[in-house]
Amino acid sequence: MTGAAIESGGKRVADDLQFSWELMGTGGATYRIADGASEHRAHVGHCTDALADLLYAVTGLYGNSSGERVSFDLEPREMRWLLRHQGADVAITVFEFPDGATSWGSPDEREGALSWSSTQPRSALSHAVAEAAASVLRKHGEAGYLEKWVRYPFPVAALQDLRRLHRRGDDCGHEQCRDSPEH
């Protein structure tokens, strides 16, 4: 990770935001988000439709809301992401709560411990999350995802919605976004 930007077809592409989502056996996933300065990892339990929730939260950044919120069940902890618009950027703030059974729906900043934060272009966040989800689908397929995630199928519609909005609403410099037939 360098924190620099590269030129691609005359467009600036942020290269310091990285996101991954890796399925772990049967029973969850590990995500990793990092910028040029720091990183955050967590193991997410399979009790919720976590990947779909994340995709829909990022998709919500293309609407009129001032921000989105998504919670991950870390059994027993809760990890909560707040995604707030700051112009063309998104402030990503991640809070950890010790007991998801009691924290669900509680105030973010007052009761959660700050785990990670970064401000990134919406296009970089959307691209990174969509690519991580697409990587999971390529690696496992829909049947393999369901076999590992158990309770919920792969969120195909959520990924398609995010990709469509990202390609239409962002000036993404990544080649696969510019050359897409959906663009």
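Hi everyone, let's start inside helix H1, where Ala50, Leu51, Ala52, Leu54, Leu55, Ala57, Val58, Thr59 and Gly60 are buried. Buried here means under 20% relative accessible area, with exposed over 50% and partly exposed in between (1.4 Å probe, protein chains only). Helices (H or I, at least four residues) and strands (E, at least two) are DSSP runs, numbered from the N terminus.

A quick word on the model: it is predicted, so local features need pLDDT of at least 70, side-chain atom pairs count only at pLDDT 80 or more, and totals for chains, interfaces and linings use all residues. Residues are numbered from 1 along each chain as its sequence is written, and side-chain values use heavy atoms, leaving out hydrogens and water.

Back to H1. Nine of the eleven residues in this helix, residues 50-60, are buried, so the rest of the structure largely encloses it. What do those buried residues pack against? Their partners include strand S3 (18-23), strand S7 (78-86) and helix H4 (122-149).

Now to strand S8, residues 89-97, which is mostly covered, with seven of its nine residues buried. S8 runs antiparallel to S7, and nine bridges join them; strands pair if DSSP finds at least two bridges between them. Across that pairing, Leu82 stands opposite Thr93 in S8. Two residues lie between the strands of this hairpin, where Gly87 takes a positive phi near 70°. Strand S9 (residues 113-121) is also antiparallel to S8, joined by eight bridges, and Ile92 stands opposite Ser118 in S9.

Last stop: Arg80, in strand S7. Is Arg80 buried or exposed? Arg80 counts as buried because its relative accessibility is 0%. Thanks, everyone!

Note on methods: Contact means heavy atoms within 4.5 Å.
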